[in-house]
Amino acid sequence: MGMSTSQKSLKGVIIAFTLLVLWAGNLAVLLMTPLTRMPVPIIALGLLLQTFLYTGLFITAHDAMHGSVYRKNKRLNDMVGRLAVLLYALFSYRLLITKHGQHHKHPASDRDPDYHDGKYTGFIAWYVRFLLNYLRWPQILGMAIVFNLLLHLAGVHLPNLLLFWVLPALVSTLQLFYFGTYLPHREPAGGYTNRHRARSNEFPLLLSFFSCYHFGYHWEHHEFPGVPWWLLPGKRREIRAASSEAVL
């Protein structure tokens, strides 16, 4: 027996706030602990964990855009989404909703803001176009102000800021782009084979989670956009089981 809407909403908001708290708590520890007190393996682990949590922030905001963080209350759902994108990099939640809606309506086409320009289709050129399409000058200025406040007023050391605030955010954009846009929407040799112009990876459950919160199960996401990231593996199994029964 599956979860009710109320149970999904409760679990969804608990997962979202858990990720927000873990992101904030880990970042605070990493920013306020001098690098001289951290062995190199701890620095590397902290960087990897903070990158993964940054990715989780954006995945949380993405689910909120689809109304799947807390279906019982749209205001709370959108509040979580706005908070997540603000913490991530001062993004406009409204802008992201608009552009993500275009992506779902016109995937892998010239009307898709996440797609390449049709001429420069390689990974780097596509990634740069993808990134620049979402950046705005007020946002960049705001991030610069926050950076200087942390540096000069909060007393955070510059190496800590660069290693644990700037770098994880940048690396997470690569993670999100590679597993959530480039791999699933890159045109295969034989051309696209479904209306979503998307395909899913074949990663096992644990690798799928650590790669990008199951976002690589991308055809399933486009087919069922209201399913939150943590329910995508179950939806994938359900679809495959139904397909097997249909063949039999």
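These are my notebook entries on a predicted model of one protein chain.

**Entry: ground rules**

The model is predicted, and I kept in mind that local features need pLDDT of at least 70 and that side-chain atom pairs count only at pLDDT 80 or more, while totals for chains, interfaces and linings use all residues. Residues are numbered from 1 along each chain as its sequence is written, and side-chain values use heavy atoms, with hydrogens and water left out.

**Entry: overall build**

I began with the secondary structure, where helices (H or I, at least four residues) and strands (E, at least two) are DSSP runs numbered from the N terminus. The chain has ten helices and zero strands, and from the N terminus on I therefore read the order as α-α-α-α-α-α-α-α-α-α.

Next I looked up the radius of gyration, which is taken over C-alpha atoms, and the globule rule, which is 2.2 Å times the number of residues to the power 0.38. The chain has a radius of gyration of 19 Å, close to the 18 Å that the rule gives for 248 residues, so the chain is as compact as a globular protein of that length. I noted that the C-alpha trace spans about 65 × 50 × 35 Å along its principal axes.

For burial I used relative accessible area (buried under 20%, exposed over 50%, partly exposed in between, with a 1.4 Å probe and protein chains only). Of the 248 residues, 44% count as buried. For contacts, meaning heavy atoms within 4.5 Å, I found that residues 24 or more positions apart account for 64% of those with a separation of 6 or more.

**Entry: helix 2 and its end**

L90, which is not a glycine, has a positive phi of about 55°; L90 is placed in the loop between helix 3 and helix 4 (93–105), and at 28% relative accessibility L90 counts as partly exposed. R197 also has a positive phi, near 50°, and lies in the loop between helix 7 and helix 8 (205–212). With a relative accessibility of 34%, R197 counts as partly exposed.

**Entry: cavities**

Grid points are joined across faces, edges and corners, and a volume is the space filled by probe spheres set on the points.

The search of the whole structure finds three cavities of 30 Å³ or more. The largest cavity has a volume of about 330 Å³, and of the 20 residues that line it, F58, D114, F130, Y134 and L176 are the closest to its centre. Helix 2, helix 4, helix 5 (123–132) and helix 7 each give two or more residues to this lining, with the largest share, five residues, coming from helix 7.

I sorted linings by class (Ala, Val, Leu, Ile, Met, Phe, Trp, Tyr, Cys and Pro nonpolar; Asp, Glu, Lys and Arg charged; the others, Gly among them, polar). The lining of the largest cavity divides into twelve nonpolar, seven polar and one charged.

The second largest cavity has a volume of about 40 Å³, and its lining includes G12, D63 and W229. Helix 1 gives the most to that lining, with three residues.

The largest pocket has a volume of about 360 Å³ and is lined by 16 residues, of which A89, L135, M143, A169 and L170 lie nearest its centre. Helix 3 (74–89), helix 6 (137–153) and helix 7 (158–185) each give two or more residues to the lining, which divides into 14 nonpolar, two polar and no charged.

For the second largest pocket I noted about 230 Å³ of space, with K8, G226, V227, P228 and L231 the closest to its centre among 14 lining residues. Helix 1 (5–32) and helix 10 (232–247) each supply at least two residues of this lining, whose classes are five nonpolar, five polar and four charged.

Note on methods. 1 Å grid on protein atoms, 1.4 Å probe; cavity = no way out; pocket = protein on both sides within 12 Å on 5 of 7 lines; lining within 4 Å.
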